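Hi,

Here is the structure I promised to pass on. Have a look at it first, and then read my notes below.

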Amino acid sequence: MAQVLSPLVTHSAFSHPDLVVGVGTSDDAGVYALPGSDGRALVQSVDYFTPIVDDPGDWGRIAAANALSDIYAMGASPITALQLLGWPRGKIPFSVASEVMAAGADTMAAAGCVVVGGHSIDAGEPTFGYAVTGLVPLDGVVTNAGAQAGDKLVLTKPLGTGIVTTAHKAGACPPHLLAEAVGIMSELNRPAGEALAMGAHAATDVTGFGLLGHLAEMLDASGVGAELGEVPILDGVAELLDAGYYPGGSNRNLDAIRSRVEGDLDRVRLLADAQTSGGLLVALPEELVDRYLESVEGAVRIGRVTADHGRISLL
């Protein structure tokens, strides 16, 4: 979900008695209680970006999965989407845009989400994504603000896609590693989101701020800290990092988070890597962890929540 500048948060447009989740906790989506709906809430988010891969279809699939992820991270089910397209008229054929949109539509259909319309503009570079709306029972809303000391932390996709796509742009990424990263980014977080209903205390999706940035948002919103053990990284990513491939966004993440993290710098760099369509980071009570891991293929336990407010320790 796009964030607004902090001075605007106090504006009356950003508050309402029926607003359940707004911009104050930097959560993944906004949540608004629907009057007269028998306890349901509307969940809304928007995400779009320039190409991170060459194949138009891959870009469309990744953009759709990425936009849907914010809805899943709140424990909600997506119902409708509005398509957002910026296209450089006269530079890239509109037939390429059609490939992007068709692939995105396939992913939306697989999620059971109806594309009801959208908007396009003439732009200096191609941009694509969606504004997505979902529904969730009010008692089923999962935010980033509920983590409790003693909870276990689970991650549902490996990290490293920012480094992979940066190396790819430089022509230095092995094809098999790019293919693996594209597959991960195209994968819906639907099973991970649906499994939150078993009793997750908090969740967020791991995207542009990297694992550490989104974890820090969860810790700040919840008033807790965290310890991280082994975190899954795509095979070959560490070698690309050693070769100097690191996104500008990841460097900004590193600058923002370094003072809060106790651990080796190279490891912090990997965990601060800016992701696209990453997995969910979930805080669960101990008794639910095994059940969640069984329900979500690829999910792994990566650490625990502590009472050390705001601090992140790498073990």
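Let's start with Glu286, which is partly exposed because its relative accessible area is 39%. In these notes, buried means under 20% relative accessible area, exposed means over 50%, and partly exposed is in between (1.4 Å probe, protein chains only). Before you go on, bear in mind that this is a predicted model: local features need pLDDT of at least 70, side-chain atom pairs count only at pLDDT 80 or more, and totals for chains, interfaces and linings use all residues. Residues are numbered from 1 along each chain as its sequence is written, and side-chain values use heavy atoms, with hydrogens and water left out.

What does Glu286 meet in a salt bridge? The partner is the side chain of Arg301, at 3.6 Å from N to O. Arg301 sits in strand S12 and Glu286 in helix H10 (residues 286–295), so this pair ties together parts that are 15 residues apart in sequence. A salt bridge here is a side-chain nitrogen of Lys or Arg within 4 Å of a carboxyl oxygen of Asp or Glu. As for helices (H or I, at least four residues) and strands (E, at least two), they are DSSP runs numbered from the N terminus.

Arg301 also has a salt bridge with Asp290, this time at 3.8 Å from N to O. That pair again links distant parts of the chain, with Arg301 in strand S12 and Asp290 in helix H10, 11 residues apart. Arg301 counts as partly exposed because its relative accessible area is 37%, and Asp290 is partly exposed too, at 48%.

**Another salt bridge to find**

The count of salt bridges comes to 9. One of them joins Arg311 and Glu262, whose closest N and O atoms are 3.3 Å apart. Arg311 lies in the loop between strand S12 (300–306) and strand S13 (312–314), and Glu262 lies in strand S10 (residues 261–262), so the pair ties together parts that are 49 residues apart in sequence. Arg311 is partly exposed at 25% relative accessibility, and so is Glu262 at 41%.

**The sheet with S12 in it**

In what order do the 7 strands of the open sheet come? They run S8-S11-S7-S12-S9-S13-S10, with mixed pairing. Strand S8 (202–205) and S10 are the edge strands, each pairing on one side only. Two strands pair if DSSP finds at least two bridges between them. For instance, strand S9 (residues 225–228) and S12 run antiparallel and are joined by 4 bridges. Glu227 has Arg304 in S12 as its bridge partner.

**Strand S6 and its neighbours**

Is strand S6 (residues 127–137) mostly covered or mostly open? Mostly covered, as 8 of its 11 residues are buried. Strand S3 (residues 40–49) runs antiparallel to S6, joined by 10 bridges, and Ser45 has Val132 in S6 as its bridge partner. Strand S4 (residues 77–87) also pairs with S6 in the antiparallel sense, over 9 bridges. There, Gly86 has Thr127 in S6 as its bridge partner.
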